[in-house]
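Please read the report below alongside the sequence and the coordinates.

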Amino acid sequence: RRYYEHQIPFMGYNTCMDALSKVFVADLELRCHITGNHYLSLIGAACESTDSFIELTKPVYAGGIQYGLKTLLGPVTVNCHYSSLNKFGFYASVGFDF
């Protein structure tokens, strides 16, 4: 992942998405330490992008399962996810987010 000013990571999006002037994001991650350097996470998220606090449209919901491994290069993660916008997807990353 590459992070830029005003960028918000969201489970279910593998690429950047243009948002309207107001964005609401909720994210819940339950992480389990399996053994040694191995982790398993269940992630759920919701996102709403709107121009008005009063006129909310249909939010985007997403969820997924992620496997993580701590290494000398930083965390190695792979996830499989589903979102109400992009349907099923897969994402992998190596190293720390800066």
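The text that follows takes up confidence, fold, core and selected residues in turn.

This is a predicted model, in which local features need pLDDT of at least 70 and side-chain atom pairs count only at pLDDT 80 or more, while totals for chains, interfaces and linings use all residues. Residues are numbered from 1 along each chain as its sequence is written, and side-chain values use heavy atoms, with hydrogens and water left out.

The mean pLDDT (the predictor's confidence in each residue, from 0 to 100) is 83 for the chain, and 83% of the residues reach 70 or more. Confidence in the chain is lowest in β5, with a mean of 89, and highest in β3, with 94.

The secondary structure consists of zero helices and five strands, where helices (H or I, at least four residues) and strands (E, at least two) are DSSP runs numbered from the N terminus. The chain therefore reads β-β-β-β-β along its sequence, in that numbering. These five strands form an open sheet in the order β1-β2-β3-β4-β5, with antiparallel pairing; two strands count as paired if DSSP finds at least two bridges between them. The edge strands, each pairing on one side only, are β1 (22–35) and β5. Neighbouring strands of the sheet are turned by 15° against each other on average, with direction ignored; the axes behind such angles are lines fitted to C-alpha atoms, for helices over the stretch in contact, and angles run from 0 to 180 degrees between N-to-C directions. Within the sheet, β3 and strand β4 (residues 74–83) run antiparallel and are joined by ten bridges, and K70 has P75 as its bridge partner in β4.

Buried residues make up 26% of the 98 residues in the chain, where buried means under 20% relative accessible area, exposed over 50%, and partly exposed in between (1.4 Å probe, protein chains only). The accessible surface of the chain comes to about 7200 Å², of which 63% belongs to carbon and sulfur atoms; such areas come from the Shrake-Rupley method with a 1.4 Å probe, and for residues only the protein chains shown count as cover.

The largest nonpolar core has eight residues, namely F10, M11, Y13, I43, A45, C47, V60 and A62. A core of this kind is a set of buried Ala, Val, Leu, Ile, Met, Phe, Trp, Tyr and Cys residues joined through side-chain atoms within 4.5 Å. The elements giving two or more residues to this core are β2 (38–50) and β3 (60–71), and β2 gives the most, with three.

| Residue | Residues in contact (cut-off 4.5 Å) |
|---|---|
| C47 | F10, V23, F24, V25, P59, V60 |
| R31 | Y39, L40, S41 |
| A92 | T77, V78 |

R31, placed in strand β1, counts as exposed because its relative accessibility is 57%. Although R31 and S41 are ten residues apart in sequence, their C-alpha atoms are 4.2 Å apart in space. A92 lies in strand β5 (residues 87–94) and is partly exposed, with a relative accessible area of 45%. Among contacts in the chain between residues at least 6 apart in sequence, 38% join residues at least 24 apart.

Conventions:
Lists of a residue's contacts leave out its neighbours within four places in sequence.
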